[in-house]
Amino acid sequence: MGGVTAANLAPILLVLGDEELLATRAVTEAVAKARSIDPDVDVREYQAGALVVGEIAEMLSPSLFGGRRVLVLRAGQDARKDLVAALLAYAKNPDPDVQLVVLHLGAAKGKAFADGLKAAGATVVPAAKLKGPSAHRDRVAFVRDEIRRAGGKCTDDAAEALIAAVGNDLRELAAACSQLMADTDGRIGADTVARYYRGRVEVTGFTVADAAMVGDVPGALEALRWALHVGVDPVPIADAIADGVRTVARVAAAGRGDPYQLASTLGMPAWKIRSAQQRARGWTPEGLVRAMRAAAECNAAVKGGSDDRAYALERAVFSVAAARQGGAR
């Protein structure tokens with residue numbers, strides 16, 4: 001965050017696109033920059049479709065007490081006409097102590113709002129899903145940028161190899177980049193990727209955890225054995241299983257609400273909440289308690305130097321699936 005000053009914070013930030021990982025990061029980075037200037041910055045989030053003009057007017061007006069504010073407006077394409085009109089009028093003369101961050105899917109719905117913000121001088125952060133003729137090139141750039149952000153260096157050949165091994169999902173690519181940076185000196189070449197991903201690796205700890213959480217024991221075991229066979233470290237697999245159980249438990253406890261409305265409450269992105277809501281079907285609170293105990297035992301064995309870490313992971317898969325089946329009866 002070195003060199004960030006109030007003068008170079010964009011007063012209006014338009015995060016445009018439907019790739020939730022990129023949109024979430026844009027918001028996180030905007031808030032982090034504001035906090036680097038003012039640790040006590042007031043951050044508030046709103047759902048555009050549920051917001052009326054009066055609710056946001058106070059936050060947009062100059063404060064008697066000073067201090068920076070960041071307003072995050074999610075699902076901007078759902079904003080009603082009166083709110084759009086008020087925000088576009090504000091955008092022509094924004095308060096220097098307020099940063100308005102608008103997330104917009106970028107499709108036809110609500111296009112006039114996005115176009116109006118651009119015309120008013122909003123800084124646009126692209127967050128569209130990578131598709132079309134340039135998608136592969138964009139993924140290569142994404143991988144290289146991930147490594148660079150973490151303080152490393154990555155060749156185009158290494159990025160190509162990683163995409164071939166892990167697949168096109170940005171979440172999986174980001175996780176793979178993080179793992180490579182944790183386990184190497186940060187200089188990532190094609191040979192580095194080849195050592196970690198012998199053959200075509202189509203599974204990660206997320207794959208194992210997701211299958212176990214829906215009771216697919218054969219699928220989870222197949223994914224686990226293949227991951228271990230090609231050299232995926234047992235520790236992130238154990239972490240993924242624990243995270244999978246913990247996420248479903250938190251989302252299940254929050255009820256069947258709208259993922260976007262639950263996002264700020266639970267402190268996790270909407271795509272993760274939506275996925276967890278699907279996996280939560282068939283679980284009871286008692287079953288989740290048993291699954292959390294099994295995941296904790298697995299973590300202790302894998303990270304505590306167990307003689308057979310593969311067995312500890314397999315046992316966790318059986319135990320988590322059994323907890324779900326037991327809870328469903």
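**Strand pairing, cores and selected residues**

Both faces of strand S1 are covered: Ile 12, Leu 14 and Leu 16 are buried on one side, and Leu 13 and Val 15 are buried on the other. The model described here is predicted. S1 spans residues 12-16, and five of its five residues are buried. With strand S4 (residues 98-104), S1 pairs in the parallel sense over five bridges. Within that pairing, Val 102 of S4 is the bridge partner of Leu 14. With strand S5 (residues 123-126), S1 also pairs in the parallel sense, here over four bridges. Leu 16 stands opposite Pro 126 of S5.

The largest nonpolar core holds 43 residues. Ile 237, Ile 241, Trp 283, Leu 313 and Val 320 touch the most other members. Seven helices are listed here, each giving two or more residues to this core: H9 (205-213), H10 (217-229), H11 (234-254), H12 (259-266), H13 (270-279), H14 (285-303) and H15 (309-328). H11 gives the most, with nine residues. Leaving aside residues up to four places away in sequence, Ile 237 touches Gly 205, Val 208, Leu 224, Ala 227, Leu 228, Val 232 and Leu 313.

Gly 215 follows H9 and has a positive phi, near 80 degrees. Arg 171 lies over the face of Phe 206, at 4.4 Å from the ring centre. Aromatic pairs number zero in the structure.

Most residues other than glycine have a negative phi. Ala 75 is not a glycine, yet its phi is positive, at about 55 degrees. Ala 75 lies in the loop between strand S3 (69-74) and helix H3 (81-91). Its relative accessibility is 15%, so Ala 75 counts as buried.

Helix H5 (residues 135-149) contains Ile 147. This residue counts as buried because its relative accessible area is 1%. Ile 147 touches Gly 152, Lys 153, Cys 154, Cys 177, Met 181, Gly 186 and Ile 188, when residues up to four places away in sequence are not counted. Ile 147 and Arg 187 are 40 residues apart along the chain, and their C-alpha atoms are separated by 8.9 Å.

Two contacts of Ile 147 are cysteines, Cys 154 and Cys 177. A disulfide is a covalent bond between the sulfur atoms of two cysteines. The count of disulfides in the model comes to zero. For Cys 154, the nearest cysteine sulfur is that of Cys 177, 6.7 Å away. Cys 154 is therefore in no disulfide, as the cut-off is 2.5 Å between sulfur atoms. Cys 154 is buried, with a relative accessible area of 7%. Cys 298 is buried as well, with a relative accessible area of 2%.

Methods:
Residues are numbered from 1 along each chain as its sequence is written. This is a predicted model: local features need pLDDT of at least 70, side-chain atom pairs count only at pLDDT 80 or more; totals for chains, interfaces and linings use all residues. Side-chain values use heavy atoms; hydrogens and water are left out. Buried means under 20% relative accessible area, exposed over 50%, partly exposed in between (1.4 Å probe, protein chains only). Two strands pair if DSSP finds at least two bridges between them. A nonpolar core is a set of buried Ala, Val, Leu, Ile, Met, Phe, Trp, Tyr and Cys residues joined through side-chain atoms within 4.5 Å. Contact means heavy atoms within 4.5 Å. Rings of Phe, Tyr and Trp (its six-membered ring) pair if their centres lie within 6.5 Å; planes under 30 degrees apart count as stacked, over 60 as edge-to-face and the rest as tilted. A charge sits over a ring if NZ of Lys or CZ of Arg is within 6 Å of the ring centre and within 35 degrees of the ring normal.
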